[in-house]
Amino acid sequence: MAVPPRLRFRTKIWAVLCGFVFAALATALVVAQDVTISRARDESRTRFDRTLVAFSELQRLRAELLVETIDALTRTNPQLRTILSTASLAATDLGVGLAPTNDALRDANLRLQSALPSLALHQRQVIFAVASAEGELLYSKADPERYGQDLSQIELVRLIADQGRGSALWLDADAAVEGARLAPSYPSPALYLVRGEPVVFDEEVHGLVIAGEPIDRALLSSLRAITGVELALIAGPRVLATTLSEADAAGLRGKVGAFEAPALMSLGGEITELTLGGERYLALRAEIVPGRPTAQAGFILLSSLDAALAGFRDLRQTLIGVGLLILAVALGLGFVLARGITRPIATLAQAARRIGAGQFDARVAIATGDELEELGGAFNEMAAGLAERELIKQTLERYVSKHVAAELLRAPGQAALAGVRRELTVLFVDLGGFTQLAEELAPEAVVAHLNEYFEAVCGAVLEHDGTVKEFQGDGVVAFWGAPIAQPDHAVRACRAALDAAARLDALCVRWTERGVVAPSYRMGLHTAELVAGEIGSAERGTYGVVGDGMNLASRLEGANKVYGTRILISDATRARAGGGFVTRELDLVRVVGRRATVRIFELVGASGGVDARTLSVLEHYAAALAAHRARDWDAAARALEALGALDPDDAPARVLAARGSAFRTDPPPSDWDGVFALDAK
Amino acid sequence: MRLVLAVLSLAFAVSSAPLAHAETATGVVRGKVSVMKKRLFGGLGPSDDASGVVVYVTGYTAPAPETTAVLEQENERFQPRILPIVAGQTVSFPNRDRFYHNVFSVSSVEAFDLGQYKSSDPARTQVFANPGLVPVYCNIHPQMISYVVVLENGAFAVTGEDGAFELRGVRAGAIALNAWLPGAQRVTKELELAPGAKVSLELELQQTQTTPPHTRKDGTPYPPPPSYDGD
C-alpha cells in the first residue's frame with residue numbers, strides 16, 4: 001500500500017542546494033571572467049597605445065640622432081663636403097673650357113667608396129646613400145659601384161628638396177631605382193624607415209644623404225621589453241618581422257588577411273581576438289606612422305589574453321574549491337534537514353493509511369518542537385474526532401438516511417436533537433394479514449419475510465431522507481422535518497409513501513410467485529406541530545417525536561380499512577404537499593375524543609403518474625361525494641354507477657354507495673353535517 | 001673623348017691667339033642683372049639682392065694678366081667666395097687666420113693641393129691654366145667653400161646688390177655675354193659688338209636650385225619635431 005514517492009524530499013532539497021550553489025558559482029565565474037576580459041582589453045589597449053607611442057618616440061630619437069649624425073658628419077668631415085660639392089658643381093656649364101662629363105660622378109663615387117665605409121654612420125645604417133645636389137646617385141651602400149642614377153623622382157628626395165628633410169617607409173621595391181639598389185637584397189623582405197637630409201653650406205645645397213634601418217626583430221624586441229606587447233610587422237599577407245616564435249609567426253601569417261586596414265586614426269582601431277599555437281591573444285592592427293595609413297604595411301600588436309587571465313584561473317580554482325566545500329556542507333545540512341522533515345511525515349503517512357483502513361486508534365508521536373509536532377497533535381485530534389464521528393455515524397445511519405446522517409455530522413448546529421417544536425409530517429405503515437402469514441410459515445421464514453418488508457419500507461423512507469422512529473410489531477413509524485429541518489417535509493413524506501407502495505407492490509408480486517400469501521398494507525400521513533428530540537434515559541434513548549398529531553396519523557392508517565384504500569393523508573398534509581400529487585377527497589371525519597373534524601384524502605399518485613381512467617374515476621367520485629353531502633342520494637348513486645362502469649372494483653365508491661343506500665332507507669337527521677365518526681382504531 | 005675635346009680647344013686657343021693681337025678695337029658692355037629667386041610660396045620673384053653674379057664675356061681669349069689674384073682665408077672663410085680670373089693667371093691664397101688652413105681642389109678642371117700652412121708662412125699660389133669652374137676648399141674647415149671661375153678673357157665683373165655691371169675693353173666682334181650665380185643656370189646673350197660701341201644690356205638669372213629650409217646653420221639645436229617623420 002505504501003507507494004514509494006517518485007521524488008524524495010531529500011533529493012529535492014539536494015537538487016535545490018546543488019542548483020543554487022552551481023548557479024551562484026557559475027554567476028561568480030562568468031562575472032569574474034567578464035570583468036577580467038574587459039579589464040584585459042582595456043589594459044591591452046593602453047599597452048598597445050604605449051607601445052605605439054614608444055615606437056614613435058624611439059623612431060623620433062633615431063631620426064633625431066640620424067639628423068644630428070648627418071649634420072655633424074657634413075659639418076666636421078671636409079672630405080664628404082668636398083666630394084659632394086665637387087660632384088654637384090661638375091654639371092655646371094659656364095660656357096668656357098671643357099663640357100661637363102660623367103667623369104666627375106665616377107670620381108665622386110670612387111672617393112666615396114674609399115671615404116665612407118670607415119664612418120660609424122655608414123656602418124650602422126643598412127640603407128646609406130649619397131646623392132649630388134642635382135639628385136644624382138653618387139654612392140649606395142647596398143650597391144657601391146653604381147652612380148649617376150636620377151633619384152630626384154623618389155618622393156623622399158622631393159620631400160627633402162621641398163621641406164629640407166624627409167622620411168619614408170620603404171618596402172624593398174621602394175628602395176631601388178632603375179639601375180641601382182638602395183637596400184640590400186635580403187632573402188626575406190624588410191620594411192625600412194628611411195630619412196634624408198641635405199648637405200647645406202651657406203644656403204647652398206651640396207648634396208644629400210639618405211640613411212635608413214629596417215624595422216626588424218631587434219627593434220620590435222626592444223619595444224616588447226618596454227611594454228611587454230608582442231609585435232608583428234606585416235606587409236600585405238607577409239610577416240616581415242615579429243617578436244613571436246617561428247610557429248606563432250607562421251600561424252599569424254594565415255590570419256593577417258582578417259585584419260582590416262585601420263582607419264585614419266590608428267589608435268581607435270578595433271581590438272580583436274585570435275588564437276596562435278593554442279594561446280589566445282588580443283590583437284590590434286596599427287599604422288607604423290600614425291596618421292599615415294598604408295594598406296601595404298602595418299603593425300599587429302598582440303597581448304596574450306591567457307596570460308592576462310592567469311590571475312582569473314587562480315581565482316576560478318579557488319572559487320570552485322570553495323564552491324565544492326560549500327556544496328558538501330550544504331548537502332550534509334540538507335540531509336539532516338530532510339530527515340527531520342521526512343521521518344515525521346513518513347510516520348504521519350503511515351498513520352493516515354491506517355485510519356484510511358478504518359483503524360481509528362492510530363496515533364502518532366512527533367516531538368520535533370516545530371510545526372510538524374503541531375501537525376502531529378492535530379492529526380491525533382483528527383483521528384480521535386474521526387473515531388467519535390464514525391461511531392455516531394454508524395448509530396445514526398440505522399435511523400436516518402445516510403444523507404441526513406452526513407448532514408447531521410456536517411452541521412450539527414442545525415440538528416434539533418435537544419428537542420424542538422416544529423411542523424413535521426409523520427408516516428405510519430402497517431401490514432395487514434401478517435398474523436395469518438406468521439402462522440403458515442416457519443419462524444425463520446417469518447423473520448426473513450418481515451425483514452424484506454421492513455427493508456422495502458425503510459429503504460423508501462431513507463431514500464427520501466426520512467427518519468425511522470420505531471418499529472411497532474409489523475408497523476413502521478417515520479417522520480420528516482427533523483432532526484434536519486426540511487421545509488418540504490410533506491412532499492418528501494408523500495413521495496416516500498408512494499415509493500414504499502411501489503416497493504411493497506413489487507414485493508407482493510415476488511411473494512405470490514413464491515407461493516406466499518401477499519399481505520396488504522396501509523399507510524397514514526399527517527402533518528402537525530410536534531415535538532422532536534432525544535427521548536429516553538441517559539443510557540438508552542431514541543430520537544423521536546411526540547404529540548397529538550401522531551395519534552391522528554395512526555388513525556388515518558387504520559382508517560384505510562374503512563375505505564378500502566392504501567394511503568390516507570390528512571388535509572394538513574395535502575395542503576403542505578402542494579399540487580404535485582393526485583388526491584381524492586374521501587370524507588370529513590371526527591376522531592373519537594376530539595372535537596375538530598379532519599378532511600381526509602386518498603393519495604393516488606404523483607401528478608402525471610396517474611392514468612386518464614383513474615382520473616375519470618376520481619371525477620365521478622367527486623361528483624358523487626358532492627351529491628351525497630347534498631342528500632341527493634339518487635344523483636350520488638348515478639355518479640357512482642358511471643364510476644362503476646369505469647372501475648367496478650373501486651373500494652371508496654362501494655363504501656359511498658353503501659352509505660347512500662343506507663341513508664335512502666334511513667335518512668340522517670336534519671342536522672347531519674356529513675361528518676363521519678371514526679371510532680374504530 | 002676628353003682628350004679629343006682638350007686637343008680641339010687647344011687648337012682653337014692657338015688659332016685665335018694671333019687674331020687677338022691683330023684686332024685691338026674694343027667696346028664697353030654695361031647693364032644690370034636681376035635675380036629671380038624662388039619664393040617660399042608661389043613661383044619666382046625678383047630678389048632685392050642681386051650681388052655675387054659673375055658677368056663675363058665669351059667668344060675670344062685674351063692672355064692672362066701679370067697680376068696675381070688674391071683669395072684670402074680669413075675667419076674660416078674664403079674671401080671673396082667667387083673669384084673670376086683669366087686662364088693662366090696665378091692666384092695667391094694668403095692665410096689671415098692665426099691657425100692652419102688648407103687650400104685644395106679635386107675639380108677635373110684644376111686639381112691641386114697647396115697643403116696646410118699658417119698665417120706666418122708665405123702665401124702659397126696656384127696657376128689656373130684651364131678655363132672652367134674650380135671649387136676650392138679647405139680640408140680642415142668644411143664650411144670653407146669658394147669658387148674660382150677661370151675665364152677666357154679679362155672682360156668680367158661681379159655684381160653688387162643692385163646687379164649693375166660695366167665691362168670695359170671688351171673686344172669688338174661676335175661675342176656672348178654670360179651671367180652665372182652658384183645654384184642658378186647660366187644665362188647667355190650673343191651680340192655683335194662694334195668697335196668703340198657702348199652697349200647696355202639687361203639680364204635675368206633664375207635661381208633653379210633652392211635652398212631648402214635648413215636649420216642648424218648657426219649650430220643651435222633643432223627644435224624637437226612633432227613626430228619622427230619630420231612632419
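This passage describes selected local features of a predicted two-chain model, the contact of chain A with chain B among them.

Because the model is predicted, local features need pLDDT of at least 70 and side-chain atom pairs count only at pLDDT 80 or more, while totals for chains, interfaces and linings use all residues. Residues are numbered from 1 along each chain as its sequence is written, and chains are lettered from A and ligands numbered from 1 in the order in which they are written.

Strand β1 of chain A spans residues 127-132. Helices (H or I, at least four residues) and strands (E, at least two) are DSSP runs, numbered from the N terminus. In β1(A), 6 of 6 residues are buried. A buried residue has 20 or more other C-beta atoms within 10 Å of its own; 12 or fewer make it exposed, and values in between partly exposed, with C-beta atoms placed from the backbone. Both faces of β1(A) are covered. One side carries A:I127, A:A129 and A:A131, and the other A:F128, A:V130 and A:S132.

β1(A) pairs with two strands, β7(A) and β2(A). Pairing requires at least two DSSP bridges between the strands. With β7(A), residues 204-214, the sense is antiparallel over 6 bridges. Here A:A129 stands opposite A:I210. With β2(A), residues 137-140, the sense is also antiparallel, over 3 bridges. A:A131 faces A:L137 in that pair. The hairpin of β1(A) and β2(A) has 4 residues between the strands, and A:G135 takes a positive phi near 90°.

The contact between the chains takes 43 residues from chain A and 44 residues from chain B. Two residues are in contact if their C-beta atoms, placed from the backbone, lie within 7 Å. On the side of chain A, α1(A) gives the most, with 9 residues. That side divides into 17 nonpolar, 16 polar and 10 charged residues. Nonpolar covers Ala, Val, Leu, Ile, Met, Phe, Trp, Tyr, Cys and Pro; charged covers Asp, Glu, Lys and Arg; the others, Gly among them, are polar.

α1(A) also packs against helix α6 of chain A, residues 217-227. The angle is about 130° and the axes are 10 Å apart. α1(A) is therefore oblique to α6(A). Axes are lines fitted to C-alpha atoms, for helices over the stretch in contact, and angles run from 0 to 180 degrees between N-to-C directions. Angles under 35 degrees count as roughly parallel, over 145 as roughly antiparallel, 65 to 115 as roughly perpendicular and the rest as oblique. The contact is made by A:R47, A:R50, A:T51, A:A54 and A:F55 of α1(A) with A:L223, A:I226 and A:T227 of α6(A). By class, these are 4 nonpolar, 2 polar and 2 charged residues.

Some backbone geometry stands out. Most residues other than glycine have a negative phi, and most peptide bonds are trans. A:D465 is not a glycine, yet has a positive phi of about 60°. A:D465 lies in the loop between α13(A) and β14(A). It counts as buried because it has 20 C-beta neighbours inside 10 Å. B:E76, also not a glycine, has a positive phi of about 60°. With 14 such neighbours, B:E76 is partly exposed. A cis peptide bond joins B:Q79 and B:P80, with omega about -5°. B:P80 is in the loop between β6(B) and β7(B).

A:Y521 belongs to strand β16 of chain A, residues 520-536. A:Y521 is buried, with 26 C-beta neighbours inside 10 Å. A:Y521 and A:L431 are 90 residues apart in sequence and 4.4 Å apart in space, C-alpha to C-alpha.
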